[in-house]
Amino acid sequence: RALDCTGSAPWSVVLDALDYIARTAPQRGRKAIVSMSLGGGYFQAANDAVQSLYSLGIPVIVAAGNERSDACSRSPASSPHAITVGGTRNGDGLYVNTNYGSCVTILSPGENILGADYTCNNCSILLSGTSAATPIVSGVAAMVLQREPFLTPAALKAKLVSTATVGAIDFSSIPLQYRNVTPNKFVYIPGSCGGVINALGNGYISSPNSPHPYPG
């Protein structure tokens, strides 16, 4: 954990956390995944840290951001070594605030995601934004690696993209020039018994909410 209870931290703290992972995760002798529901303006040091983890065989799944703009202008979303996650809403459209563009890797449910709340041991909360969409892809990545533990970060990324549902999300809410460059690929969520959880259509996900704060 790198962010405080308000969801914020300076980049120095985030970079220290990534450095700690780079130094300690390879020594544990098991697969690791980094899930980053955070971001800020373009920051090369953050992208470099993602690349360092990638080179160690550690996949990094990151939020595209919630600025309704090009994810390539954000970090770590702009890192070519990251798996960058955009958000969708109920009804098979894009989440209202999701970033988009060629730096997005895959789309995931990003509205009214039921999650645990830190305020008590059995509390829950509904979360929206790409910060909520990202852990879903991280969970899928963990399931894939459980079945295929020798996948490299690049192979894992390719696997998620190749198994995604193509063309199911309505892109009419984003600027025309971004519709053809944003991957219309919705994450495939394997079921525990080999099936698939359907998060498209009128599924279990919906709601408008404010995006999480991002570190500066």
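**The whole chain**

Begin with the entire protein chain, bearing in mind that the model is predicted. Coloured by secondary structure, the chain shows 5 helices and 11 strands. Of its 216 residues, 44% count as buried. The accessible surface amounts to about 10,200 Å², and carbon and sulfur atoms supply 54% of that area. If contacts with a separation of 6 or more are considered, 65% of them join residues 24 or more positions apart.

**The second largest pocket**

Next, select Tyr-20, Ile-21, Thr-24, Ala-25, Arg-28, Arg-30, Lys-31, Ala-32, Ile-33 and Val-34, which line the second largest pocket. The volume of this pocket is about 160 Å³. Which element gives the largest share of the lining? That share, 3 residues, comes from helix α1, residues 11-24. Coloured by class, the lining divides into 6 nonpolar, 1 polar and 3 charged residues.

Is Arg-68 buried or exposed? With a relative accessible area of 52%, Arg-68 is exposed, because the cut-off for that class is over 50%.

Continue to the loop between β4 (74-75) and β5, where Pro-76 is placed. Display the backbone from Ser-75 to Pro-76: the peptide bond there is cis, with omega near 5°.

The loop between β5 and β6 (93-94) holds Asp-92. Asp-92 is not a glycine, yet its phi is positive, at about 65°.

**Strand β9 and Ile-125**

Select strand β9, residues 124-127, and within this strand Ile-125. Ile-125 has a relative accessibility of 32% and therefore counts as partly exposed. Which residues does Ile-125 contact, once its neighbours within four places in sequence are set aside? They are Ile-113, Leu-114, Gly-115, Ala-116 and Asp-117. For one of these, Gly-115, a distance may be drawn: the C-alpha atoms of Ile-125 and Gly-115 are 5.4 Å apart, while the two residues are 10 apart in sequence.

**Helix α4 and its buried face**

Select helix α4, residues 153-163, and highlight Pro-153, Leu-156 and Leu-160, which are buried in this helix. Turn the view to look down the axis of α4: the buried residues fall within an arc of 60°, and so they line one face of the helix.

**The last stop: Thr-163**

Remain on helix α4 and select Thr-163, which lies in it. How accessible is Thr-163, and what class does that give? Its relative accessibility is 34%, so Thr-163 counts as partly exposed.

Conventions. Residues numbered from 1 in each chain as written. Predicted model: local features only at pLDDT ≥ 70, side-chain atom pairs only at ≥ 80, totals over all residues. Heavy atoms only, no water. 1 Å grid on protein atoms, 1.4 Å probe; cavity = no way out; pocket = protein on both sides within 12 Å on 5 of 7 lines; lining within 4 Å. Points joined across faces, edges and corners; volume = space filled by probe spheres on them. Helix = DSSP H or I, 4+ residues; strand = E, 2+ residues; numbered from the N terminus. Nonpolar A, V, L, I, M, F, W, Y, C, P; charged D, E, K, R; others polar. Buried < 20%, exposed > 50% of the residue type's maximum accessible area, 1.4 Å probe, protein only. Contact = heavy atoms within 4.5 Å. Areas by Shrake-Rupley, 256 points an atom, 1.4 Å probe, with all protein chains shown as cover. Arc of directions from axis to C-beta.
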